[in-house]
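Me: Got a model open here. Can you walk me through some of the details?

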Amino acid sequence: MDIKEIIIAVATVCAISIIIGIVLSIAEKIFHVDVDEKEVAVREQLPGSNCGGCGFAGCDALAKAIAQGNAPVNACPVGGKSVADKIAEIMGQEAEELERKVAYVKCDGTCDKRTDDYNYFGVDSCVYAAKMPGSSPYACKFGCLGYGSCAKVCPVRAIRIIDKKAVVDQSLCIACGKCIKMCPHDLIEFVPAKSTYRVQCSNLVKGKPVMNACTAGCIACGICEKNCPSGAIVLENNVAKIDYSKCTECGLCAEKCPRNIIKTY
């Protein structure tokens, strides 16, 4: 190889490099996406569980919403106060105290309290069992099926199946909401962790049919509603419901309930 060929080869490589550089420079200007430094900083503080408990499609979406002012700095239920404080510092705001909430199963229908309707021999899944005739193998068609679909999706193992009924360990619950989305009978809801009284029934019928189906069912008698001095408990679709924003924790509802379905925690 003579010197001329070497010069041509070097020149060709240099020319190609220059062309590639120009093309990349043009592409960078065309496809450039501005990075919001606040969004990046907020995302670094979020736990990354992507649970959706905040109401957004994962931590990336929440970080973007917070950075744009479309979500509060304390929107992450998993991160709690420590994460909220860090994000508030990034956003130059004050983090309001976020009331801790936990998942709660609105059913007390354990094996010794409920009546069977038929034998179910299918897959151990509440979702599958709910597709069977009447949506449940038990006489109560609204209660916990006890096959643990909620427990299987809980990322922190805060739910256990005890005596064929789901029970939440509120000391472990991070309020991610995955169990709520999974339950086919809509039995799980968020309640304030500090709440003392909770209704353990979701049966939407009333009177004798409830008594025949489960000894722990609300019969919609209305005694709790009549005795509540603050109007915090009402009958909604034939089952007692507590408005915790009004509840004074007096305990009269639990004391007066003839079925003992309002429990203390």
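This is a predicted model: local features need pLDDT of at least 70, side-chain atom pairs count only at pLDDT 80 or more; totals for chains, interfaces and linings use all residues.

Me: Start with α4. How many residues does α4 have, and how far does it reach?

Reply: Helix α4 covers residues 80-91, which is 12 residues. From first C-alpha to last it reaches 17 Å, close to the 16 Å expected at 1.5 Å a residue.

Me: Which residues of α4 are buried?

Reply: V83, A84, I87, A88 and M91.

Me: Where do those buried residues fall, seen down the axis of α4?

Reply: Within an arc of 140 degrees, so they line one face of the helix. An α-helix has 3.6 residues a turn, so residues three or four places apart point the same way.

Me: What covers the buried residues of α4?

Reply: The cover includes α2 (37-45) and α3 (59-67).

Me: And which residue follows α4?

Reply: G92, with a positive phi near 70 degrees.

Me: New topic: S125. Where does S125 lie?

Reply: S125 is in the loop between β1 (101-105) and α5 (126-129).

Me: Buried or exposed?

Reply: S125 is buried, because its relative accessible area is 10%, and buried means under 20%.

Me: What is S125 in contact with, leaving aside neighbours within four places in sequence?

Reply: Y120, Y147 and S149.

Me: Last one, the surface. Which residues form the nonpolar patch?

Reply: I3, I6, I7 and V10, with about 370 Å² of accessible area together. I7 is found in helix α1, residues 3-31. I7 is exposed, with a relative accessible area of 51%.

Note on methods: Residues are numbered from 1 along each chain as its sequence is written. Side-chain values use heavy atoms; hydrogens and water are left out. Patches are made of residues with over 30% relative accessible area and no salt bridge: like charges are joined within 9 Å, nonpolar side chains (Val, Leu, Ile, Met, Phe, Trp, Tyr) within 5 Å. Accessible areas come from the Shrake-Rupley method with a 1.4 Å probe; for residues, only the protein chains shown count as cover. A salt bridge is a side-chain nitrogen of Lys or Arg within 4 Å of a carboxyl oxygen of Asp or Glu. Helices (H or I, at least four residues) and strands (E, at least two) are DSSP runs, numbered from the N terminus. Buried means under 20% relative accessible area, exposed over 50%, partly exposed in between (1.4 Å probe, protein chains only). Contact means heavy atoms within 4.5 Å. The expected span of a helix is 1.5 Å times one less than its number of residues. The arc is that of the directions from the helix axis to the C-beta atoms.
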